[in-house]
Amino acid sequence: MRCPSCGSLDDKVIESRTMANGESIRRRRECNTCGYRFTSYERIEEKPFMVIKRDGRREPFDREKLSRGIERALEKRPISTGMTDQIVAEIEDEAYTRGKSNRELETSIIGEIVLQHLNIVDKVAYIRFASVYKHFNNLEEFISEVKQLGAAQDE
């Protein structure tokens, strides 16, 4: 570690402490050249969980984006904020589990996970989300989705 006072790379660790629930280590160091004492922090650098978009682009998973989409679908529906938060957490957990091996997952799979959860919780929210997610081009596609939902409910 380079000394902030003299620039020397020769130092020794005087003390180490685990911080933040074991997610980082604080180290007190002393420069062997000038005697200056300073603190450094060591953290694990995790690779972000990536989402593969329809056009092939990759971007980091954004929990807030997921949450906004679900909140829009559930807007003015009789679902509590706590239930919404629980749905988002369950979807996030399932997405991480499915994409665990290579730390990435297609948006199509995430969309299907969201639809499965919304289908259980609220049929109107399901249709709202599906209309955006599935990019209905006309009224017939929308009606077909509603009929499929009704048929599945009758089973």
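1. The protein chain carries 27 positive and 28 negative charges, whose mean positions are 6 Å apart. Lys and Arg count here as positive and Asp and Glu as negative, while His and the chain ends are not counted. Each charge is placed at NZ of Lys, CZ of Arg, CG of Asp or CD of Glu.

2. Basis of the note. This is a predicted model, in which local features need pLDDT of at least 70 and side-chain atom pairs count only at pLDDT 80 or more, whereas totals for chains, interfaces and linings use all residues. Residues are numbered from 1 along each chain as its sequence is written, and side-chain values use heavy atoms, with hydrogens and water left out.

3. Fold and overall form. The protein chain has five helices and six strands, in the order β-β-β-β-β-α-α-β-α-α-α from the N terminus. Helices (H or I, at least four residues) and strands (E, at least two) are DSSP runs, numbered from the N terminus. The protein chain is more spread out than a compact globule, because its radius of gyration is 25 Å, well over the 15 Å that the globule rule gives for 155 residues. That radius is taken over C-alpha atoms, and the rule is 2.2 Å times the number of residues to the power 0.38. The C-alpha trace spans about 75 × 35 × 25 Å along its principal axes.

4. Burial. Of the 155 residues, 30% count as buried; the term means under 20% relative accessible area, with exposed over 50% and partly exposed in between (1.4 Å probe, protein chains only).

5. Aromatic pairs. The structure holds four aromatic pairs. Rings of Phe, Tyr and Trp (its six-membered ring) pair if their centres lie within 6.5 Å; planes under 30 degrees apart count as stacked, over 60 as edge-to-face and the rest as tilted. Phenylalanine 49 and tyrosine 96 form a tilted pair, since their ring centres are 4.4 Å apart and their planes stand at 50°. This pair ties together parts 47 residues apart in sequence, because phenylalanine 49 lies in the loop between strand S3 (37–43) and strand S4 (50–52) and tyrosine 96 in helix H2 (residues 81–98). Phenylalanine 49 is buried at 3% relative accessibility, whereas tyrosine 96 is partly exposed at 30%.

6. Phenylalanine 61 and tyrosine 96 form an edge-to-face pair, with ring centres 5.6 Å apart and planes at 65°. Phenylalanine 61 lies in the loop between strand S5 (58–60) and helix H1 (63–74), so its pair with tyrosine 96 of helix H2 ties together parts 35 residues apart in sequence. Phenylalanine 61 is buried, with a relative accessible area of 15%.
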